[in-house]
Amino acid sequence: MASPQELAQRKARGQPQATQAAFTPAPQGGINAISGAGSVPESDALYLYNLIPQEYGVHVRKGYREWCQQIPLGDGIKTIIPFNSGNSDAPVDKLFACNSDGIYDVTTEGAVPVKVLDWPLKTDRSGWVSWHAYTTIAGFFILACDNENGYYVYTAATNTWAVGSITGPTPAEATLDFVTVWKNRVWFVQQSTASAWYLPVGQITGAAKEFQFGNKFKYGGYLKSLWNWTVDGGVGVDDYLVAISSAGDMLIYQGNDPDTAGDFLQKGSWYMGKPTQGRRQADDAAGDLLALSAYGLIQCSKLIAGAAAQDSTVQLSYKINPRINLSVERGNTVYGWQVKVAPLDQLVVVVTPKEPGKAWTQFVYSTTTKAWCQFTGVPMKCAEIYKNKLMFGSDTNRVFIYDGYIDNVLIGDGGASATTIQWEMLTGYQTYGDPAKWKRVQFLRPRFIGAETPAYVIAARYDFDLSPLQLPPPTFSTEFGRWDLSFWDSARWAGDTILTQAPTGGFGMGQHIAIAMRGQSAGQTIYLGCDLMLDSGGYL
């Protein structure tokens with residue numbers, strides 16, 4: 001029998017610690033759509049909307065604001081054409097927007113667009129323009145091929161657009177719907193054929209010669225597009241000509257002059273998967289050519305090295321391919337697909353057509369962390385880079401610039417249409433110790449840094465519940481405090497750094513835990529990770 005002294009010591013002895021602390025870092029690994037729900041690494045997310053994996057954590061994407069006044073006619077901006085002069089001797093920079101009505105000059109920020117070319121044919125195919133800037137001894141030009149109206153030339157010296165003069169294809173201008181420049185020679189693709197036409201070196205008009213690709217396409221189809229790819233092929237840097245067919249063949253040529261026997265040779269033929277609709281399925285990315293197909297976003301450098309198109313080392317989009325492939329399957333017959341590299345923002349953006357009844361969506365790759373996320377709510381019908389800034393056109397005939405930290409800032413409406421940036425995430429499921437034990441999250445405390453504390457709701461998700469949070473995030477004003485007008489202790493001031501947040505109570509119970517969070521921001525916001533307090537007990 002225990003003595004009174006021993007009983008007193010037992011009563012005074014503290015209870016063992018029943019809770020444990022943990023920290024879940026921000027999912028800088030991006031979306032993981034290929035791992036099993038129970039094996040997604042702590043560094044990845046099951047979904048990540050409007051949150052970009054970058055340095056320190058995941059960043060709320062930038063917002064967008066209207067660049068110029070709305071274009072009054074047409075069925076949406078389908079092409080943006082920048083003219084970057086590049087030196088002081090050249091004419092001034094220009095920015096053009098194309099839709100079914102014609103081509104508009106939208107160079108001046110905040111100004112009313114000026115129509116500079118009226119399309120002869122105004123159909124739903126008009127305005128999908130392939131273009132290339134080109135310099136000759138005669139001056140600076142933009143060469144453009146519309147999907148419906150054919151070949152046009154912009155002359156910078158006179159600031160005018162005119163029909164291009166080509167002989168060879170019949171009828172010449174109306175059947176050319178793609179243009180590129182390779183080895184200082186202009187090449188065209190003839191609509192719905194396997195033929196390309198090329199001009200003599202340094203010329204933008206005149207007699208073109210035909211080059212037939214069709215007998216080299218193993219899987220058939222017509223010629224989609226031609227791309228100039230600068231690459232080190234093992235014997236020094238060279239420019240390859242890449243031909244992509246509608247059925248998925250990719251041919252690569254090396255040499256200089258197609259008129260000289262033995263000086264224009266096929267380097268190889270590869271199958272890249274059926275490409276997307278339109279002729280914007282590729283873009284140059286720091287020495288590689290990225291091409292979009294049913295296999296996802298293909299790295300051509302890896303493809304020609306010997307790997308198959310379905311190999312994970314070839315597919316830049318491997319971790320998110322199930323979602324890209326589903327999107328391609330649903331919209332492969334619709335125009336609006338585009339691959340656009342945005343170097344200043346360290347992003348590769350895969351522009352997708354809007355699905356009826358659904359929000360605008362883009363797939364976005366961070367070149368910083370090599371990870372994927374998705375943008376939603378950005379009305380991006382086409383995209384281009386102008387003065388290092390990402391510009392895009394919408395289906396409402398507006399030109400926007402990817403800038404600031406608020407969405408839909410329109411000219412002249414006093415901010416009435418502006419909205420905060422909505423974002424959402426779900427981390428991978430983790431066991432936090434013994435996977436067989438039941439666990440309860442008591443508290444969650446997300447960590448942010450940035451200009452302000454975002455409004456958000458956060459919750460623990462248990463045992464592979466993939467449903468989004470249903471509660472909307474709290475709302476708040478997008479106005480910052482104004483000097484000499486706002487109260488110091490109550491106004492929100494831009495530029496502050498938020499280091500700590502209050503904990504939020506958790507609820508529910510399960511063996512595997514993920515963190516779901518929705519929020520909205522009107523300032524620079526970086527999510528670093530989340531502190532958790534949880535207890536566990538009981539087995540299967």
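**View 1. Salt bridge between Lys122 and Asp101.** The whole structure, a predicted model, holds 28 salt bridges (a side-chain nitrogen of Lys or Arg within 4 Å of a carboxyl oxygen of Asp or Glu). In the one between Lys122 and Asp101, the closest N and O atoms are 3.1 Å apart. Lys122 sits in the loop between strand 9 (114-118) and strand 10, and Asp101 in the loop between strand 7 (94-98) and strand 8 (102-105), so the pair ties together parts that are 21 residues apart in sequence. Strands are DSSP runs of E, at least two residues, numbered from the N terminus. Lys122 is partly exposed at 44% relative accessibility, while Asp101 is buried at 6% (buried means under 20% relative accessible area, exposed over 50%, partly exposed in between; 1.4 Å probe, protein chains only).

**View 2. Salt bridge between Asp465 and Arg461.** The N to O distance for these side chains is 3.6 Å. Asp465 is partly exposed, with a relative accessible area of 30%, and Arg461 is buried at 11%.

**View 3. Aromatic pair of Tyr271 and Tyr295.** A search of the whole structure gives 34 aromatic pairs (ring centres of Phe, Tyr and Trp, for Trp the six-membered ring, within 6.5 Å; planes under 30 degrees apart count as stacked, over 60 as edge-to-face and the rest as tilted). The ring centres of Tyr271 and Tyr295 are 6.3 Å apart with planes at 90 degrees, so this pair is edge-to-face. Tyr271 belongs to strand 23 (residues 264-271) and Tyr295 to the loop between strand 25 (288-293) and strand 26 (296-299), so the contact ties together parts that are 24 residues apart in sequence. Tyr271 is partly exposed at 30% relative accessible area, as is Tyr295 at 25%.

View 4. Six bridges join strand 11 (residues 139-146) to strand 12 (residues 150-155); Cys145 has Tyr151 in strand 12 as its bridge partner.

**Notes.** Residues are numbered from 1 along each chain as its sequence is written, and side-chain values use heavy atoms, without hydrogens and water. In this predicted model, local features need pLDDT of at least 70 and side-chain atom pairs count only at pLDDT 80 or more, whereas totals for chains, interfaces and linings use all residues.

Terms used
Helices (H or I, at least four residues) and strands (E, at least two) are DSSP runs, numbered from the N terminus. Two strands pair if DSSP finds at least two bridges between them.
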